[in-house]
Amino acid sequence: MRYDKSKREFLKKCMAFSTGMICLPCSEILSEIMSGDQKTNRRIAMFQEETARGIMCHICPNECVLKEGELSECNNRKVIKSKLYTLAFGNPCSANVDPVEKKPLYHFLPGSRAFSIATAGCNMVCLNCQNWAISQTSPDKTRNYDLMPEKVVEESISKGCRSIAYTYSEPVTFYEYVYETALLARKAGIKNIVKSNGYIYEEPLRKLCSVIDAANIDLKSFNNSTYLRLTGGKLQPVLDALKIYKEMGVWLEITNLIVPNWTDNFDEIRSMCRWLSDNGFNKTPIHFSRFYPTYKLEQLPPTPVEVLEKASEIAAEEGLIYVYTGNVPGNEHSDTKCPKCGATVVVRQGYRIASNTIKDGKCHKCGTTIDGIWN
Ligand code: SF4
């Protein structure tokens, strides 16, 4: 399946990106392993094809076709001596230990730590990106850690993490680094998580799913025109990816960020929830997340809490079982309830687990299975 990208290119040209030296706040625990040698971070890119027009990348629907020396739309792939290379291998610009709830994953090893990494680059251009300083630039413009896959696994183990999360920017675009690290992590008994926009083609996604345990995928809108204007991407590839994640047995949760004036249309939210229900995602947790003014949408207000609550009501009416709201201080809708008897089985305070009474994956009160990976 192929998708038209002309509108996306137009949107990208309209956006002025920062090109200075950029780094997200990084954990002090890793300060001793900072490095800047970009040459060692090149690897032959996977899923490339030589065509008459140039080297084509088949990882995502942007379908970059690049000539000698050209940089990809995701800013971290380049043609060098007639081969496509990833420039994002072993050089994350961000590395932190996070609670797994931060991804957010609420039904996957609750209360555990995830060693979380990101390189520069993204294949979307979201107007509301919270991490634009790293997502909309390239690895040679960020301050990076020297963390080859073996070192990522070692650090994860030494920090008591049960998983590695590929997150913050877009793991689809540092695919080779994710894949190789995830393979090693699997062998070491560490789980792998992606927090992704789901903008990836079927073949690379199926290969990725073979080493990934859990995913939180952003479903940013249910209107294709809005998707294009807000993110530069298209809706259908993301829906296709959700189906593949599920079919491949990856534990899946979905985030829908509600942006005022953009994605707060209740009819569209209902259509989205109905599609999810009709396509077998009724047991997939959905997180309605609150927007805060940022990046190109600084002029907008935060999402009213009532809008998030109304969206949650709609989701429940459409048959979605595990519905949460996120980014709301003092949030009442972050606890997990038994779908049968209504007992509260997991109580969350922010990213902290205040109590978890799930036993062997079942409700402590009535014994009903609570979907998820709990141990
Ligand atoms: S992953 Fe990057 S290089 Fe490949 S098609 Fe997508 S945007 Fe282009």
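A polar contact is a pair of N or O atoms within 3.5 Å; within protein, one atom must be able to donate a hydrogen and the other to accept it, and residues adjacent in sequence count only if both atoms are side-chain atoms. The model is predicted: local features need pLDDT of at least 70, side-chain atom pairs count only at pLDDT 80 or more, and totals for chains, interfaces and linings use all residues. Residues are numbered from 1 along each chain as its sequence is written, and side-chain values use heavy atoms, with hydrogens and water left out.

**View A. Gln 136 and Ser 135.** The side chain of Gln 136 has a polar atom 3.0 Å from the backbone oxygen of Met 124. Gln 136 is placed in the loop between α2 and β10 (144-145); helices (H or I, at least four residues) and strands (E, at least two) are DSSP runs, numbered from the N terminus. Gln 136 counts as buried because its relative accessibility is 5%; buried means under 20% relative accessible area, exposed over 50%, and partly exposed in between (1.4 Å probe, protein chains only). A polar contact of 3.3 Å links the side chain of Gln 136 to that of Ser 135. Ser 135 belongs to helix α2 (residues 132-135) and, at 2% relative accessibility, is also counted as buried. Apart from neighbours within four places in sequence, Ser 135 is in contact with Gly 121, Cys 122, Cys 129 and Ser 169, where contact means heavy atoms within 4.5 Å.

View B. Around the ligand are Cys 57, Ile 59, Cys 60, Asn 62, Glu 63, Cys 64, Ser 72, Cys 74, Arg 77 and Asn 123; a residue is near a molecule if one of its heavy atoms lies within 4 Å of it. The shell has five nonpolar, three polar and two charged residues. Here Ala, Val, Leu, Ile, Met, Phe, Trp, Tyr, Cys and Pro count as nonpolar, Asp, Glu, Lys and Arg as charged, and the others, Gly among them, as polar. The ligand sits in the largest cavity. A cavity is a set of points, on a 1 Å grid over the protein atoms alone, where a 1.4 Å probe fits but cannot get out, and a molecule sits in a cavity if more than half of its atoms lie within 2 Å of its grid points.

**View C. Asn 96 in strand β8.** Strand β8 covers residues 94-99 and includes Asn 96. Asn 96 is buried, because its relative accessibility is 15%. Its side chain forms a polar contact of 3.4 Å with the side chain of Ser 94. From C-alpha to C-alpha, Asn 96 is 6.7 Å from Ile 117, although the two are 21 residues apart in sequence.

View D. Lys 103 and Pro 104 are joined by a cis peptide bond with omega of about -10 degrees, and Pro 104 lies in the loop between β8 and β9 (113-118). Asn 75, not a glycine, has a positive phi of about 70 degrees. The loop between β5 (65-66) and β6 (77-80) holds Asn 75, which counts as buried at 13% relative accessibility. Lys 81 also has a positive phi, near 50 degrees. Lys 81 is in the loop between β6 and β7 (83-86) and counts as exposed at 74% relative accessibility.

**View E. The two ends of helix α6.** At the start of α6, a side-chain oxygen of Asn 223 comes to within 2.8 Å of the backbone nitrogen of Ser 225. The buried residues of α6 (residues 224-231) are Thr 226, Tyr 227, Leu 228, Leu 230 and Thr 231. After α6 comes Gly 232, with a positive phi near 80 degrees.

Notes
1 Å grid on protein atoms, 1.4 Å probe; cavity = no way out; pocket = protein on both sides within 12 Å on 5 of 7 lines; lining within 4 Å.
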